[in-house]
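Work through the exercises below with the sequence and the 3D structure open. Each task is followed by a worked solution.

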Amino acid sequence: MASLQSRLEEFKRAFESGAPPYNAEHEAIKKMHRATPELKSSGIEQQALKIGDCAPRFTLFNQDHVQVSSSDLLRQGPLAISFFRGHW
Amino acid sequence: MEPEALQGINSEVRALGAQIVVLTPKLERYTRALHKKLNLTFDMLTDLHLKTAEQFRLVFTLPDYLRDLYKSFGNALDRLHDEPEYRLPIPARYVVDKQGIIRAADVNADYTIRLKPSETLRQLRMLTGSLAALNLRA
């Protein structure tokens, strides 16, 4: 499988080409290009929790409606936590 | 694409005694199908109303000019996430040690840029002492 970053770049290129299957309009792409620098300059990356901070605990439902708690997971070993919005 | 890529390292992560979880604002009725479709062997957790993402301070509100665009893409966050305010987390990947301390943080407001999964695996190896063992053998 191609690397994550190359897959992201390939999708971005396909999307921004305006061609099928996405048929993204020029105006739409312009809006998306405007949003990312705005978000970056909002300082949100600097506000986010950092190395050395205590990770907030959570207990959430998984895909099978079973409650999973970070404390239970951490008892077994270190944990990688990914925040995923969708698709990308 | 991030969950699929993390799936690629999951067997090695589990061999270390470590684990991966993906947190998403997607409601449970959507995570179940997605989890199955992507053949994931780690959990996808519904971070309902972004409560946990808020605690990690990752949440922002989508600007008005993007809301309609997202809707036109079929990405109606009010329906998919129960997020009428159209809030989202910025993408982030953390590595947390057994004591609950963040030992690696990859946070980028640009959703098209992500850390290599192999780097996350290396960070987990460091925490489990497996990297030192590998170096000694080399």
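**Exercise 1. Locate His49(B) and Leu50(B), and classify each as buried, partly exposed or exposed.**

Solution. This is a predicted model.
- Step 1: place the residues. His49(B) sits in the loop that links strand 2 to helix 4 (51–55) of chain B. Leu50(B) belongs to the loop between strand 2 and helix 4 of chain B.
- Step 2: read the backbone. His49(B) has phi near 55°, a positive value in a non-glycine residue. For Leu50(B), phi is positive too, about 60°, and this residue is not a glycine. Most residues other than glycine have a negative phi.
- Step 3: count neighbours. A residue needs 20 or more other C-beta atoms within 10 Å to be buried, and 12 or fewer to be exposed. His49(B) has 15 inside 10 Å, so this residue is partly exposed. Leu50(B) has 21 inside 10 Å, so Leu50(B) is buried.

**Exercise 2. Find the cis peptide bond that involves Pro21(A).**

Solution. 
- Step 1: check omega. The bond between Pro20(A) and Pro21(A) has omega of about 5°, which is cis. Most peptide bonds are trans.
- Step 2: Pro21(A) is in the loop between helix 1 (4–16) and helix 2 (26–41) of chain A.

**Exercise 3. Describe the fold and spread of chain A.**

Solution. 
- Step 1: list the elements. Chain A holds 4 helices and 3 strands. Their order along the sequence is α-α-α-β-β-α-β.
- Step 2: compare with a globule. The globule rule gives 12 Å for 88 residues, but the radius of gyration of chain A is 18 Å, well over that value, so chain A is more spread out than a compact globule.
- Step 3: The C-alpha trace of chain A spans about 50 × 30 × 25 Å along its principal axes.
- Step 4: check burial. 17% of the 88 residues of chain A count as buried.

**Exercise 4. Trace the strand pairings around strand 3 of chain A and strand 1 of chain B.**

Solution. 
- Step 1: take the antiparallel pair. Strand 3 of chain A pairs with strand 5 of chain B over 5 bridges, in the antiparallel sense. Here Ser82(A) has Arg93(B) as its bridge partner.
- Step 2: take the parallel pair between chains. Strand 3 of chain A and strand 1 of chain B run parallel, joined by 5 bridges. Leu79(A) is bridged to Gln19(B).
- Step 3: continue within chain B. Strands 1 and 2 of chain B pair in the parallel sense over 4 bridges, and Thr24(B) has Thr46(B) as its bridge partner.
- Step 4: check cover. In strand 1 of chain B, 5 of the 6 residues are buried.

**Exercise 5. Which residues touch the most other members of the largest nonpolar core, and how is the contact between the chains made up?**

Solution. 
- Step 1: The core has 37 residues, and Ala80(A), Leu23(B), Leu58(B), Ala92(B) and Tyr94(B) touch the most other members. Elements giving two or more residues include strand 3 (79–83) of chain A and helix 7 (117–128) of chain B.
- Step 2: Beyond four places in sequence, Ala92(B) touches residues including Ala48(A), Phe83(A) and Phe56(B).
- Step 3: count the contacts. 68 residues of chain B touch 48 residues of chain A. Strand 1 gives the most to the chain B side, with 6 residues. That side divides into 40 nonpolar, 14 polar and 14 charged residues.

Methods. Residues numbered from 1 in each chain as written. Chains lettered and ligands numbered in written order. Predicted model: local features only at pLDDT ≥ 70, side-chain atom pairs only at ≥ 80, totals over all residues. Core = buried A, V, L, I, M, F, W, Y, C linked by C-beta atoms within 7 Å. Contact = placed C-beta atoms within 7 Å. Nonpolar A, V, L, I, M, F, W, Y, C, P; charged D, E, K, R; others polar. Pairing = 2+ DSSP bridges. Rg over C-alpha atoms; globule rule 2.2 N^0.38 Å.
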